[in-house]
Amino acid sequence: MCGIVGIVGHTPVNQALFDSLTVMQHRGQDAAGMITIDNGMFHLRKANGLVRDVFRNRHMQRLTGNIGIAHVRYPTAGTSSSAEAQPFYVNSPYGIALAHNGNLTNAQELQEEVLRISKRHINTTSDSELLLNILADELQKCDTLKLQAEDIFASVANVHKRIRGAYAVVAAVIGHGVVAFRDPNGIRPLALGKRETPNGDEYMVASESVAMDTLEFTFIRDVAPGEAVYITEDGQLFTQQCAEKPAHVPCIFEFVYFARPDSFIDGVSVYAARVNMGAKLGQKIAKEWADLDIDVVIPIPETSIDIALEIACELNLPYRQGFVKNRYIGRTFIMPGQTMRRKSVRRKLNAIKSEFKGKNVLLVDDSVVRGTTSGEIIKMAREAGAKKVYFASAAPEIRFPNVYGIDMPTSNELIAHGREVDEICSLIGADGLIYQDLDDLKSAVAMENPEIRNFETSVFDGYYITGDVNQAYLEHLDQARNDGSKSSNNHDELTNLDIHNDDDAE
């Protein structure tokens, strides 16, 4: 999962891009990057690390220009080397930079096609660099020095025809402006906003609406599935549907886990959706666990806090904060090894012993992925003095790999794959385990926007909406994304199309 943002302004955009990435840091903690356009040149900075560490004063001073795009990343394909950090750029045609959130399911065949037909070399294993070259190839066919909106949209339409998977894309084109588009199923989110200034309107696109709130942009609407947005360098906005058969099948995991609660995605308040999840799960617990002697409901920070509070209300039980979270530790299911994940849980959370001692506790989490974190937390609760530890998941059992941009691909790593609930319960060491029903989860989100008739739920039901995922593909993905394949290379990149590798102190 990644976060993307693009801005066309009338004043320098580097600080605005930085602020946007900061509020979307939850979408990727592996790497960050920013590219701006000034005087017909790209100015690029990208490296591994958090936003605050990647961009120092000396970098920001060089990121000049009123147009730019930016990205936060964690690795879903390839390695965690900063060579894979985004944005990527190509010099021809025009000079194009691109950042991407999602995953292409036909990347392997596309790479062969790009080399054979377009004679384009892909320098990394990132499907984002591949997507950039496909867009560049389509724009090259326009055979004009000055692109018009119809040229942009025709090129995006052809890109849609060539690629499959989940993708939200933002690109900057020298001499033209910013182009953004969303996959025809609308799996990955993308929002459009505007800010009025004395010099004219400024526009931005971003993965989440919260990025616009921070900069006082007015949220206009979500970019529709298959739609493309073109913002010229002088601030004109053009939009057009570019997919032949668009659908609306957003990823439900955005609402369960990834998105910030203060964001709106596809007309849905993420906060309200999570409250609804809590109500649905609380009703299930009341029905199926009526005989259990639960004393207190405790969330596992932070995504599940709103869910747990609603469960406590449904069950008429006390709600307590039983864990203190160290906010400076990254998400543990993203980390590349089981041992590292276990150690990180202890660094990330600490139990408040008085809330556990002598009590039967109901722990609430948004989901159970590998089970490593859940098992360690249950162990912590027992060590803090809990008599019994029950566990509730706001999401159903995650039984299948994700191929659309979430880094939980290997079936063998998923604790629910091929197992029943009782066995999972025993493996994580709980006295009871209950999952949200898939229909209830869908209903909890759809209550906020009844126009959404379906969701991308492949991790729960094994149904892949793009229709091109088979066992051979899943085996290839397992090999590409297993923990051992992720490099620890930490070189960084800073360039204005010439390399600056200065690491001097501020």
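How many residues of strand 4 (residues 67-73) are buried? Seven of its seven are, where buried means under 20% relative accessible area with a 1.4 Å probe, protein chains only. Do keep in mind that this is a predicted model, in which local features need pLDDT of at least 70, side-chain atom pairs count only at pLDDT 80 or more, and totals for chains, interfaces and linings use all residues. Residues are numbered from 1 along each chain as its sequence is written, and side-chain values use heavy atoms, leaving out hydrogens and water.

- Strands are DSSP runs of E with at least two residues, and helices are runs of H or I with at least four, numbered from the N terminus.
- Ile 67, Ile 69, His 71 and Arg 73 point one way from strand 4, while Gly 68, Ala 70 and Val 72 point the other way.
- Strand 1 (residues 2-8) pairs with strand 4 in the antiparallel sense over seven bridges; pairing requires at least two DSSP bridges between two strands.
- Here, Val 5 has Ala 70 of strand 4 as its bridge partner.
- Strand 2 (residues 31-38) is also antiparallel to strand 4, with seven bridges, and Ala 32 stands opposite Val 72.

**Helices 9 and 10**

- Helix 9 (residues 270-288) packs with helix 10 (residues 305-315) at an angle of about 40°, their axes 7 Å apart; axes are lines fitted to C-alpha atoms over the stretch in contact, and angles run from 0 to 180 degrees between N-to-C directions.
- Contact (heavy atoms within 4.5 Å) brings together residues including Tyr 271 and Arg 274 in helix 9 and Asp 306 and Glu 310 in helix 10.

Note on methods:
Buried means under 20% relative accessible area, exposed over 50%, partly exposed in between (1.4 Å probe, protein chains only).
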